[in-house]
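Subject: A structure to look through

Hello,

Here is the structure I promised you. Please open it next to this email and follow along.

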Amino acid sequence: MIISMKPHATKEQIDRVRERIEQFGYRVHSIQGDERVVIGAVGVGDVTACLEQLEAMPGVESAVRISAPYKFVSREFRQTRTRIRVNGAEIGGDEFIVIAGPCSVESEEQILRTAEAVARAGAKMLRGGAYKPRTSPYEFQGMEEAGLKLLRKAKQATGLAIVTEVMSESDVDLVAEHADILQIGARNMQNFSLLKALGRTTRPVLLKRGMSSTIRELLMSAEYIVAHGNPHVVLCERGIRTFETATRNTCDLSAVAVLNELTHLPVLVDPSHAAGRRSLVPPLARAAAAIGADGLLVEVHPAPENAISDGAQSLAIPEFERMMRDLVPYLRLWRETRAAAGDATM
Ligand code: PEP
Ligand code: MN
């Protein structure tokens, strides 16, 4: 059950609702939303009787039963799209948001050149990993704190918001000091202690789908973050492992349409990790816009042939500029479709 309190419900009213829920044998989770307190009740009890009583209590706006295993992130819980405002841009709103930049922050020159170029071409945010999850322990692990400082410099130079990965619970505070959005990589999608720690921050989280995770598991991971107090979550489809070997992963674009039905959270597509090959990035980006994604996460490097990580899938700057130009008619259609759909599924 989810109980939404009225915007000006008093503390006493909220406490009384909590007590009543507990009397019915449920456990209580409450989150302080932007304008109201929302209480989630989980467990087994007499739902119908409990809902009836709660609906009649002072300060309660609505009490509803949610059948999905994920509650706060479900469309049943909230029919309007979640919009996440970051640094003047809005993910999940009326604009298709492109987040671009290198796989890894490698040097001041590299990140500044990329940031200036992607900003000029229309990206609203800069990506770049300072902590890198690498398959081999002998590969470059990222510039860590020095990389975070370079990202901050790039933000000062361009005004772009910063999206960067946090791999460990112990780095959350440090990364949150430098980043506007905390990225959780595919390999950490089910790192539950990390997800709980993200619930305690106020920074938005970009949660990437695990490469072998189902859509339901992705939503359950998002639920962890929201249930622990942080409602600002953006999902990202980045390709899943299948029997196909022609691409690095299989870009599951249908996940975007499925997620748009199941959740109110914004959904991005990362065509770079999905494809693994730069020539496939622009067509997948166009398809992502067509299917109703809220934006893209794209790897761009000033000299992909020299990139320390993921060079093969990184677009060179002119290729990124071209991709952005080629997206224009698709984005016109995207805006029309979004405006017509409003909060409904696109
Ligand atoms: C990345 O964005 O550079 C990255 C490591 O992505 P993923 O976690 O999706 O593999
Ligand atoms: Mn990468």
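Start with a pair of helices. Helix 7 and helix 8 are oblique to each other, because their axes cross at roughly 50°, and angles from 35 to 65 degrees fall between roughly parallel and roughly perpendicular. Keep in mind that this is a predicted model.

Helix 7 covers residues 215-227, and helix 8 covers residues 254-262. Their axes come within 11 Å. The crossing of helix 7 past helix 8 is right-handed. Which residues make the contact? From helix 7 they are Ile215, Leu218 and Leu219. Helix 8 brings Ala255, Val258, Leu259 and Leu262. Sorted by class, this contact has seven nonpolar residues, no polar ones and no charged ones.

Now compare a second pair, helix 3 and helix 4. Helix 3 spans 108-121, and helix 4 spans residues 145-158. They pack at an angle of about 35°, and their axes are 9 Å apart. Helix 3 also passes helix 4 in a right-handed crossing. On the helix 3 side, the contact uses Glu108, Ile111, Leu112, Ala115, Glu116 and Ala119. On the helix 4 side, look for Leu150, Leu151, Lys153, Ala154, Ala157 and Thr158. What classes of residue meet here? There are eight nonpolar, one polar and three charged residues.

Next, the strands. Eight of them form a closed barrel, in the order 7-8-9-10-11-12-13-14. The pairing is parallel. From one strand to the next, the twist averages 25°. Take one pair as an example. Strand 11 (residues 205-208) and strand 12 (residues 233-237) run parallel and are joined by four bridges. Leu206 has Val234 in strand 12 as its bridge partner.

Last, the metal. Which protein residues are donors to the manganese ion (ligand 2)? They are Cys103 through SG, His273 through NE2, Glu299 through OE and Asp310 through OD. Along the sequence, the donor residues are spaced C-x169-H-x25-E-x10-D. Cys103 and Glu299 link distant parts of the chain, 196 residues apart. Cys103 sits in the loop between strand 7 (97-101) and helix 3. Glu299 belongs to strand 14 (residues 295-299).

Best wishes

Conventions: Residues are numbered from 1 along each chain as its sequence is written. Chains are lettered from A and ligands numbered from 1 in the order in which they are written. This is a predicted model: local features need pLDDT of at least 70, side-chain atom pairs count only at pLDDT 80 or more; totals for chains, interfaces and linings use all residues. Side-chain values use heavy atoms; hydrogens and water are left out. Axes are lines fitted to C-alpha atoms, for helices over the stretch in contact, and angles run from 0 to 180 degrees between N-to-C directions. Helices (H or I, at least four residues) and strands (E, at least two) are DSSP runs, numbered from the N terminus. Angles under 35 degrees count as roughly parallel, over 145 as roughly antiparallel, 65 to 115 as roughly perpendicular and the rest as oblique. A crossing is left-handed if the near helix is turned anticlockwise from the far one by less than a right angle, and right-handed if clockwise. Contact means heavy atoms within 4.5 Å. Ala, Val, Leu, Ile, Met, Phe, Trp, Tyr, Cys and Pro count as nonpolar, Asp, Glu, Lys and Arg as charged, and the others, Gly among them, as polar. Two strands pair if DSSP finds at least two bridges between them. Donors are N, O and S atoms within 2.8 Å of the metal (3.2 Å for Na, K and Ca); water is not among the atoms, so sites may look incomplete.
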